[in-house]
Amino acid sequence: MSRLVTETIASLAPYEAGKPLEELARELGVVDAIKLASNENPHGPSPLALEALRGAISELNRYPDASALRLRERLAREHGVSVAEVIQGNGSNELLELLVRTFTTGGDHIVFAEPSFVVYRLAALAHGVPFTAVPLRDGVHDLRAMAAAVEPRTRLVFLANPNNPTGTHVPRGELEWFLQAVPADVIVAVDEAYFEYADAPDFPDTLRLRGLRERLVVLRTFSKIHALAALRVGYAIGPAELVDYMNRVRAPFNVGTLGQVAALAALDDRAHVARSREENSAGRARLAAGLERLGLHPLPSQANFVYVDLGRPARPVYDALLRLGVIVRPFAGLPQALRITVGTAPENERALAALAGVLS
Ligand SMILES: Cc1ncc(COP(=O)(O)O)c(C=O)c1O
């Protein structure tokens with residue numbers, strides 16, 4: 001069978017998601033576990049989104065609006081762009097892959113950071129596109145090195161801000177420099193999945209920087225602060241011509257009706273977003289302070305998770321936490337690190353207490 005795929009595809013490992021609660025219950029019999037592994041919003045979706053879902057459920061025999069027009073119109077208004085500049089995705093994940101599939105071939109080249117969101121690498125590998133993964137410097141994107149890694153054949157640069165898994169951010173001034181330094185023919189895709197959680201005064205809103213370069217695509221999602229991860233809705237904003245090309249490759253009906261109506265309603269609930277953001281900021285600070293008290297030094301995070309280097313193998317710590325019913329996220333390529341999603345206040349306390357016990 002292996003002859004059916006390229007060597008690169010044969011060498012891929014499937015995306016490793018955070019361990020589901022049901023799996024832990026099945027494997028270890030832990031029934032009251034908490035999941036701090038997938039950067040989900042622990043407060044759940046907006047009641048407005050749930051209400052909209054109930055209203056749409058009787059329409060499930062119909063295909064969704066293939067162009068997600070109402071949602072795109074609403075997003076266009078929200079961000080002050082035209083509808084033709086907005087494309088919906090089955091999660092922003094689909095749009096990341098769509099960028100690779102639409103704009104690159106095996107003769108091109110992609111640049112992204114390492115460690116960063118693993119899907120950039122997976123998409124490049126699956127599509128057979130060479131890439132350069134530029135190491136972070138002190139846990140942050142090294143934009144000078146990334147700009148230097150751009151070659152004549154480079155078509156696409158991915159930049160996650162805040163970055164996953166580190167939570168660190170590129171400040172506005174540096175991003176402005178980068179957007180102007182990268183050659184004009186390259187597409188820069190700024191992945192802002194956690195944008196709404198960021199609160200640093202120097203955190204850039206890339207949609208406000210679109211004047212700095214034409215080939216700029218900004219990606220956002222309803223999976224994180226809007227708490228609709230199960231429905232798979234993301235979007236990208238870019239030049240109408242690029243969006244048009246992506247639409248030619250995109251699967252039809254890529255976002256279901258439930259996702260479209262829930263996302264629309266979620267945008268109306270600004271109080272829910274504000275509350276999620278405030279509670280995350282407070283929880284993130286408490287989690288970071290708690291880790292410091294354990295003698296650890298988490299990286300400064302602008303997202304809904306913190307990244308910490310334990311200074312020792314992380315896997316046994318991860319396993320011990322699992323047995324205590326606390327699911328966090330280890331990474332195959334980062335053997336001493338754990339990423340902990342900010343949960344509710346009691347969840348954060350429980351995670352810290354469990355970690356204190358395991359480390360002592
Ligand atoms: C940086 C980053 N980008 C994109 C995504 C994809 O999110 P979704 O496909 O749920 O929109 C994630 C998910 O964890 C992420 O961390």
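Predicted model: local features only at pLDDT ≥ 70, side-chain atom pairs only at ≥ 80, totals over all residues.

Colleague: Which atom of the ligand lies 2.6 Å from a polar side-chain atom of Asp-191?

Modeller: A nitrogen atom. Asn-164 also has a polar side-chain atom to look at, 2.7 Å from a ligand oxygen. As for burial, the ligand taken alone exposes 400 Å², and the protein buries 93% of that.

Colleague: What kinds of residues make up the shell around the ligand?

Modeller: For a shell, sort the residues by class. This one has 6 polar, 3 nonpolar and 3 charged residues. Among them are Gly-91, Phe-117, Tyr-194, Lys-224 and Arg-232. Helix H5, residues 91–103, gives the most, with 3 residues.

Colleague: Which pocket does the ligand's space correspond to?

Modeller: The largest one. That pocket holds about 1200 Å³ of space. Its lining runs to 49 residues, with Tyr-15, Glu-16, Phe-117, Val-118 and Arg-329 nearest the centre. By class, the lining splits into 26 nonpolar, 12 polar and 11 charged. H6 supplies the largest share, 6 residues.

Colleague: And how much space lies in the second largest pocket?

Modeller: About 270 Å³. Fifteen residues line that pocket, including Glu-78, His-226 and Arg-270. The classes there are 6 nonpolar, 3 polar and 6 charged, and H11 gives the largest share of the lining, 3 residues.

Key:
Residues numbered from 1 in each chain as written. Heavy atoms only, no water. Near = heavy atom within 4 Å. Polar contact = N/O pair within 3.5 Å; in protein donor to acceptor, adjacent residues only side chain to side chain. Areas by Shrake-Rupley, 256 points an atom, 1.4 Å probe, with all protein chains shown as cover. 1 Å grid on protein atoms, 1.4 Å probe; cavity = no way out; pocket = protein on both sides within 12 Å on 5 of 7 lines; lining within 4 Å. Sits in = over half its atoms within 2 Å of the grid points. Helix = DSSP H or I, 4+ residues; strand = E, 2+ residues; numbered from the N terminus. Nonpolar A, V, L, I, M, F, W, Y, C, P; charged D, E, K, R; others polar. Points joined across faces, edges and corners; volume = space filled by probe spheres on them.
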